[in-house]
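Visitor: I would like to know what the terms used for this model stand for. Please set each value beside its definition.

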Amino acid sequence: MRVKFTASNDGTYIEIMPALLFKSDSDPDRPWAEALTALMPELEVRIWPELGDVDDIEYALIWKAPGDVLARLPNLRAIFSIGAGVDHLIGEPDLPAGIRIIRMVDPSLTVGMSEYVIFHVLRHHRRMPEYEEQQRHQRWCMFPQRAPAECRVGIMGLGVLGRDAADKLAALDFAVAGWSRSPKTIDGVESFHGEAQLKDFLARTDILVCLLPLTPSTVGILNRANFAALPKGAYVINAARGDHLIEVDLLEALDSGSIAGATLDAFHTEPLPPEHPFWRHPRVTVTPHVASMTNPYTAAVQIVDNIRRLKQNQTPTNIVDLNRGY
Ligand code: NDP
Ligand code: OXD
């Protein structure tokens with residue numbers, strides 16, 4: 001790390017903080033600059049494309065920045081992802097080698113995701129789309145209601161987000177299981193792991209929730225073979241990435257009745273093109289990649305904490321393992 005000093009008013013020398021570059025086409029820059037400098041007033045936040053002297057920039061906070069933007073920063077030490085997912089970075093061909101990538105772990109992002117998952121699980125479980133359809137026809141008909149303990153929710157991915165959603169659904173009395181790469185022991189949640197246990201996990205799942213990172217081993221995991229392993233009439237919630245889903249396989253499974261319906265928050269092409277069949281499908285609920293959103297005012301805490309760690313040559317938290325891809 002380079003340390004620069006400047007003369008202060010009282011004649012002493014104070015250290016100049018390196019700068020952080022912010023770049024995102026979808027997140028407003030002002031709240032981020034405000035939130036970061038409230039916690040670390042000496043941090044200079046530069047907003048793309050105003051790079052200034054690139055030698056000063058040691059940190060980048062980004063969402064979907066082309067790798068060549070980062071390759072222009074000779075003294076870059078860490079890249080902070082505005083989102084929990086880092087697939088937007090890892091696939092970048094010009095990403096400078098050897099720079100640590102730090103993913104977003106933020107309490108309000110976690111709460112927001114659990115809220116989304118619980119809402120869509122309950123909406124399906126309590127048959128709300130059917131009651132809404134009835135209301136449109138002034139029809140009064142009571143459907144049988146299953147207890148939550150009879151409804152088996154299966155969460156793919158038991159990381160920061162999947163674990164929180166699993167705990168909260170279990171507290172609501174749902175029969176919850178999770179599937180991850182490594183085994184887990186979680187009170188009230190049945191744990192499955194690895195390729196070998198995937199089919200058993202799917203076979204016991206009435207509502208499948210995808211909260212996996214997008215990596216070469218999870219791309220296309222919501223596919224025909226895995227839909228066929230679910231009980232007939234299962235429901236699918238994809239709150240992770242569009243490329244987890246083979247869209248035509250879902251449309252086929254919906255048409256055949258093997259899948260009863262789906263809530264989809266992320267898509268292969270975003271925004272979802274107007275002609276896409278998901279928009280008009282009666283059993284598909286579309287949300288525009290809003291399952292959970294990073295709140296700058298809470299998320300800035302971990303970024304500033306990690307900048308402090310880096311300055312003190314300590315290991316930052318939430319570093320992405322580039323071999324695993326998450
Ligand atoms: P984590 O890295 O904390 O957790 C990932 C989980 O997935 C871990 O349990 C991991 O297993 C498991 N996993 C990874 N690869 C495999 C595999 N091949 N087979 C089985 N399990 C696997 O991620 P988060 O919980 O923080 O976030 C998950 C994803 O949610 C993000 O990557 C992002 O894409 C998405 N997201 C979407 C948002 C939206 O608004 N739509 C908002 C925020 C996030 P193990 O525990 O064994 O390592
Ligand atoms: C994320 C997202 O990864 O918002 O955080 O998609």
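Guide: A polar contact is a pair of N or O atoms within 3.5 Å; within protein, one atom must be able to donate a hydrogen and the other to accept it, and residues adjacent in sequence count only if both atoms are side-chain atoms. A polar side-chain atom of Ser217 lies 3.3 Å from a nitrogen atom of ligand 1, so this pair is a polar contact. The model is a predicted one, in which local features need pLDDT of at least 70 and side-chain atom pairs count only at pLDDT 80 or more, while totals for chains, interfaces and linings use all residues. Residues are numbered from 1 along each chain as its sequence is written, chains are lettered from A and ligands numbered from 1 in the order in which they are written, and side-chain values use heavy atoms, with hydrogens and water left out.

Visitor: Which residues come nearest to ligand 1?

Guide: Of the 28 residues around ligand 1, these are Arg103, Ser182, Lys184, Asp265 and Tyr326. A residue counts as near if one of its heavy atoms lies within 4 Å of the molecule or strand. An N or O atom in the side chain of Asp265 is 2.9 Å from a nitrogen atom of ligand 1, and one in the side chain of Tyr326 is 2.5 Å from an oxygen atom of ligand 1.

Visitor: What surrounds ligand 2?

Guide: Trp63, Gly83, Ala84, Gly85, Arg241, His289 and Ser292 do. Backbone N or O atoms lie 2.7 Å from an oxygen atom of ligand 2 in the case of Ala84 and 2.8 Å in the case of Gly85. For Arg241, a polar side-chain atom lies 2.7 Å from an oxygen atom of ligand 2.

Visitor: Why are H1 and H11 called oblique to each other?

Guide: Helices (H or I, at least four residues) and strands (E, at least two) are DSSP runs, numbered from the N terminus. Axes are lines fitted to C-alpha atoms, for helices over the stretch in contact, and angles run from 0 to 180 degrees between N-to-C directions. H1 (residues 29-39) and H11 (residues 296-311) pack at about 50 degrees, with their axes 9 Å apart. Angles under 35 degrees count as roughly parallel, over 145 as roughly antiparallel, 65 to 115 as roughly perpendicular and the rest as oblique. H1 and H11 are therefore oblique.

Visitor: Which residues of H1 meet H11?

Guide: Contact means heavy atoms within 4.5 Å. Pro31, Trp32, Glu34, Ala35, Leu36 and Leu39 of H1 meet residues of H11 including Tyr297, Ile303 and Arg308.

Visitor: What makes H4 oblique to H6?

Guide: H4 (residues 107-125) and H6 (residues 160-171) pack at about 50 degrees, with axes 9 Å apart. That angle makes H4 oblique to H6.

Visitor: What is the peptide bond from Trp48 to Pro49, cis or trans?

Guide: The bond is cis, with omega near 10 degrees. Pro49 is in the loop between strand E4 (44-47) and strand E5 (57-63). Another cis bond joins Glu270 and Pro271, with omega about -5 degrees. Most peptide bonds are trans.
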